[in-house]
Amino acid sequence: MATDRELEVWLSEKENAMVEDIAALVEIPSISGESEGSAPYGRACREVLLKILEIGSRWGFSCRSFEDKCAVIQYGTGTKTIGIWGHLDVVPEGTGWLYPPFSCSREGDILIGRGVQDNKGPVVACMYAMGYLKEKGMVPRVTFLQILGCREEVDMEDVVSYLNENPAPDMSFVTDCTFPVCYGEKGICRVEFASEKLEGNMILSGGNAVNSIPAYAKAELRLLGGRKKEIWAEGISGHAAFPQGAQNALGILAEKIYSEDKNLSVLSEKERAVLEFLDKACVNGFGRELNIDCADEFSGALTASGTVVRMEEERAVLDMDIRYPITAKAEKILEQLGRTAGEYGFSIRSFKDDPPSYVDKNTPFVTCLTNAYEEIVKDGKKPYVMGGGTYARKIPNAVGFGPGLQSDWEKAGLPKGHGSCHSADEAQSLSSLKTAVRIYVKALQNLNEL
């Protein structure tokens with residue numbers, strides 16, 4: 001097999017091609033939505049699947065589409081199968097971008113565009129690792145299946161559908177997290193609250209995805225004499241699973257409206273109660289004001305953020321994202337939420353629970369991946385549990401293994417709150433992607449001998 005030095009030379013030669021392939025995917029606004037004709041998640045999602053199949057075919061891999069829901073790229077024909085899962089759908093672009101969201105801009109070592117980090121960049125990095133090994137003549141004893149879906153950011157129906165029709169791989173990793181190995185994921189609750197009917201003195205709106213803390217929100221107050229007053233709030237966006245550093249614009253908006261109404265006196269008691277609940281649900285990020293905060297030694301603290309607010313038939317409706325520790329119980333969280341919401345005139349309209357997932361971190365599979373990371377990076381980091389939700393929670397014997405970043409993007413010239421995976425100006429370090437290729441090359445070699 002080729003030496004480390006040969007891989008370094010190869011990566012330098014392939015750098016521009018890798019960026020071009022990432023750019024070709026980023027330019028497709030693959031926000032998973034309603035079916036369009038024969039495209040189950042919309043035409044853009046089908047287009048991005050066709051593009052990744054084109055890239056895989058260029059490497060000489062066996063490629064096929066599964067019902068225009070997933071792309072399947074095969075390397076090897078061995079009896080044992082290793083699944084390599086990723087997704088090509090993205091969250092909506094939102095607002096506040098300094099760079100074009102659906103164009104892969106490059107500033108030195110930094111790539112900027114929706115999907116460069118979550119998850120198109122890592123998908124391409126792993127494919128390049130397979131391509132390198134294929135170019136160097138490795139004939140796998142196993143079958144590597146890179147399975148790439150287009151519904152991860154919504155409900156993961158793509159993976160569920162695939163596994164209903166195809167056998168699950170013997171072992172799987174997902175390229176949608178942070179190295180080294182994520183062996184467990186918190187439970188995820190999605191809750192929809194609805195207020196009582198209101199008097200119509202305010203209209204609330206903000207947020208665009210239930211798993212994204214919003215950076216902007218607005219309200220319209222109806223004043224005496226038919227006049228109207230708009231109130232805007234600006235926060236710092238982020239992924240709902242990682243509220244540290246984010247500032248929820250919905251909570252800021254509630255506080256601003258409440259302050260304005262001290263002088264205007266246009267809101268009813270019910271409407272002021274709505275603002276109090278919005279503040280409690282959106283200001284903290286860890287559920288303390290809702291009395292649902294908890295933690296365990298494996299997965300850390302519960303996170304909870306109200307992320308989307310809107311008006312429906314004179315009611316305020318709030319969507320909330322909750323990530324709870326693997327030892328907590330969703331039923332108790334629901335019970336407490338109902339009590340707290342009821343105090344402010346809200347009821348729970350829907351509650352969807354996706355239970356935690358967990359793989360023994362001492363299995364040979366996890367050890368194999370951890371060792372591959374340590375051989376390249378040598379920083380001693382250990383496997384962990386996270387609040388993010390990936391395909392791993394839907395797949396038997398699956399863990400997370402990818403180059404997601406928690407970085408200070410201000411050092412790259414981006415404003416505070418920009419650069420994260422669900423934020424404006426989503427960014428990814430090219431050098432980190434190249435390191436990921438090195439790690440994946442080592443991991444695939446290790447897994448081939450497992």
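Me: What span does helix α8 reach from its first C-alpha to its last?

Reply: This is a predicted model, in which local features need pLDDT of at least 70, side-chain atom pairs count only at pLDDT 80 or more, and totals for chains, interfaces and linings use all residues. Residues are numbered from 1 along each chain as its sequence is written, and side-chain values use heavy atoms, leaving out hydrogens and water. Helices are DSSP runs (H or I, at least four residues), as strands are (E, at least two), numbered from the N terminus, and the expected span of a helix is 1.5 Å times one less than its number of residues. Helix α8, residues 364-377, has 14 residues, and close to the expected 20 Å is the span that it reaches, 20 Å.

Me: Which elements do the buried residues of α8 pack against?

Reply: Buried means under 20% relative accessible area, with exposed over 50% and partly exposed in between (1.4 Å probe, protein chains only). In α8 the buried residues include Phe 365, Leu 369 and Tyr 373. With contact meaning heavy atoms within 4.5 Å, the buried residues of α8 pack against β7 (171-174), β22 (398-400) and α9 (430-449).

Me: Which residue of β6 does Val 72 stand opposite?

Reply: Two strands pair if DSSP finds at least two bridges between them, and β2 (residues 70-75) pairs with β6 (residues 143-149) in the antiparallel sense over six bridges. Five of the six residues of β2 are buried. In β6, the residue opposite Val 72 is Ile 147.
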